[in-house]
Amino acid sequence: MMIPGRNGQLLPVTLVTGASTGIGSALAGAFAGMGNHLLLVARSEDRLAGLAEELRAAHGISVFSCPADLALPESPQRIFDYCLQHHLAVRLLVNCAGTSRASDFNNLALRDIERIMAVNMSAVARLVHLFLPGMVAEQEGGIINIASLGGLQGVPGLGLYSATKSFLITLGEALHMELRGTGVRVATVCPGFVDTGFMEKAGHDRRGVRLPVCSVDVVVRAVLRGYRQNRMRVYPTPLDFLIVFSQRFVPRLFSVRLSGYLAAARNNQ
Ligand SMILES: NC(=O)c1ccc[n+]([C@@H]2O[C@H](COP(=O)([O-])OP(=O)(O)OC[C@H]3O[C@@H](n4cnc5c(N)ncnc54)[C@H](OP(=O)(O)O)[C@@H]3O)[C@@H](O)[C@H]2O)c1
């Protein structure tokens, strides 16, 4: 099997999942602005095509798009095969696609449970497993996982979502350490609430949220800075950092209760 990255003819690209909207779309724009060639992944084919066109015209880079539903177990391998066919070497993997449903676990439909776990965890693990060997072989590369502050404690009303983000945080921490000295960086980003359509899609009424909602630009700047500084975890705002830091001084039960109060996801039920 050819490993992308072993052949000098391959085009190095930044793969961004969840590139059709929100944070992923903005990150794709930021990496394009740095001159990175891109491979965009999400389900919305038209949105990806439009963004690819826009970024090619604005930055003179190559932009590929591979529409895929990451809830399907075969999608990561399909994306890997697309790279082989188009002679692309993924040098930076940005796992930004994510999905949620505001609900107590007891009321979640099984199809939502499976979709949330597949997109937020399985697809990420599979993509890392497929693309990491090429980066290690070339002693160059990086992985950026977009997790959430919600992954740092259980969030009542968003329990499964927060558990999947915990998965990203702990996997990212271990990878960060395992890959020291290999030339491959791993950063895990933990935003609080961000101004995108994410909550609306999850049935989470953002009017009830008791935390400031930060802009996508703030997240993008923090991602670029954190990755450049080879941070293991990245907190986009000082408040995000403060919330996590203060958890050291309060009982765990208090943190869980407070996160439920701030997220107010159960108000919708
Ligand atoms: N917004 C927040 O408050 C917030 C806070 C903390 C963390 N985050 C995380 O930030 C990341 C980006 O979210 P966002 O805020 O930018 O929301 P968003 O605009 O809804 O973006 C989500 C992205 O994921 C893609 N996606 C969803 N399901 C998919 C699937 N089955 N297969 C492939 N792609 C899929 C969507 O594309 P398609 O619909 O085209 O497939 C979209 O591009 C997520 O991982 C989220 O958990 C968000």
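A polar contact is a pair of N or O atoms within 3.5 Å. The legends below apply this term to a predicted model.

View 1. Gly 18 takes part through its backbone, with an N or O atom placed 3.0 Å from an oxygen atom of the ligand. On its own the ligand has 880 Å² of accessible area, and the protein covers 96% of this.

**View 2. The shell of residues around the ligand.** There are 29 residues around the ligand, and those that come nearest are Arg 43, Ser 44, Tyr 161, Thr 196 and Lys 201. Helices α1 (22–33), α5 (159–178) and α6 (198–201) each contribute at least two residues to this shell. Its composition by class is 16 nonpolar, nine polar and four charged residues.

**View 3. The second largest pocket.** This pocket has a volume of about 270 Å³. Its lining comprises 14 residues, with Phe 31, Met 34, Asn 36, Leu 92 and Tyr 227 lying nearest the centre. Strands β1 (11–17) and β4 (88–95), together with helix α7 (216–228), each supply at least two of the lining residues. By class, seven residues of the lining are nonpolar, four are polar and three are charged.

Terms used: Residues numbered from 1 in each chain as written. Predicted model: local features only at pLDDT ≥ 70, side-chain atom pairs only at ≥ 80, totals over all residues. Heavy atoms only, no water. 1 Å grid on protein atoms, 1.4 Å probe; cavity = no way out; pocket = protein on both sides within 12 Å on 5 of 7 lines; lining within 4 Å. Points joined across faces, edges and corners; volume = space filled by probe spheres on them. Helix = DSSP H or I, 4+ residues; strand = E, 2+ residues; numbered from the N terminus. Nonpolar A, V, L, I, M, F, W, Y, C, P; charged D, E, K, R; others polar. Near = heavy atom within 4 Å. Polar contact = N/O pair within 3.5 Å; in protein donor to acceptor, adjacent residues only side chain to side chain. Areas by Shrake-Rupley, 256 points an atom, 1.4 Å probe, with all protein chains shown as cover.
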